[in-house]
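Open the model in your viewer and keep the selection tool at hand. We will go from the whole chain down to single residues.

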Amino acid sequence: MIRGIFTATDRGYTGEIRAFGTREQVELRQVEGKDNDKAPDFRIHPADDDRIDYGAAWAKTSKEKRPYVSFKLTLLGGTPVYLRMFESEKTPGTYELVSD
């Protein structure tokens, strides 16, 4: 199930997450100066307020050698939700956020 649509920016990605009947505009911002290999590649923030942190994301490659971004998303102190974002096969340059 598609949970959002994103586009690449010079700072990371921007788009919308749809969950539980709500829509939230968010931005994935690249983390500068990662201190280890397990540190996240991106932090997830609302598009209009970078003081709020919704979680983290990591750039990965699937077994099929397809690049994707793995999300660990926590909205308003809830239980973490794990999602993946792949480039759309139908619309290059657009990225689809999907649940498992």
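Lys and Arg count here as positive and Asp and Glu as negative, while His and the chain ends are not counted. Each charge is placed at NZ of Lys, CZ of Arg, CG of Asp or CD of Glu. Select those groups: the protein chain has 16 positive and 17 negative side chains, and the centres of the two sets lie 6 Å apart.

This is a predicted model, where local features need pLDDT of at least 70, side-chain atom pairs count only at pLDDT 80 or more, and totals for chains, interfaces and linings use all residues. Residues are numbered from 1 along each chain as its sequence is written, and side-chain values use heavy atoms, without hydrogens or water.

Now show the cartoon. The protein chain has eight strands and zero helices. Strands are DSSP E runs of at least two residues, helices H or I runs of at least four, numbered from the N terminus.

Next, select F6, Y13, L28, I44, V69, F71 and M85. They have the most contacts inside the largest nonpolar core, which has 16 residues. Such a core joins buried Ala, Val, Leu, Ile, Met, Phe, Trp, Tyr and Cys residues through side-chain atoms within 4.5 Å. Buried means under 20% relative accessible area, with a 1.4 Å probe and protein chains only. Strand 6 gives the most to this core, three residues.

Zoom in on L28. Beyond four places in sequence, its contacts (heavy atoms within 4.5 Å) include F6, Y13, A57 and M85.

Finish at T94, in strand 8 (residues 94–99). T94 counts as buried, at 18% relative accessibility.

Terms used:
Buried < 20%, exposed > 50% of the residue type's maximum accessible area, 1.4 Å probe, protein only.
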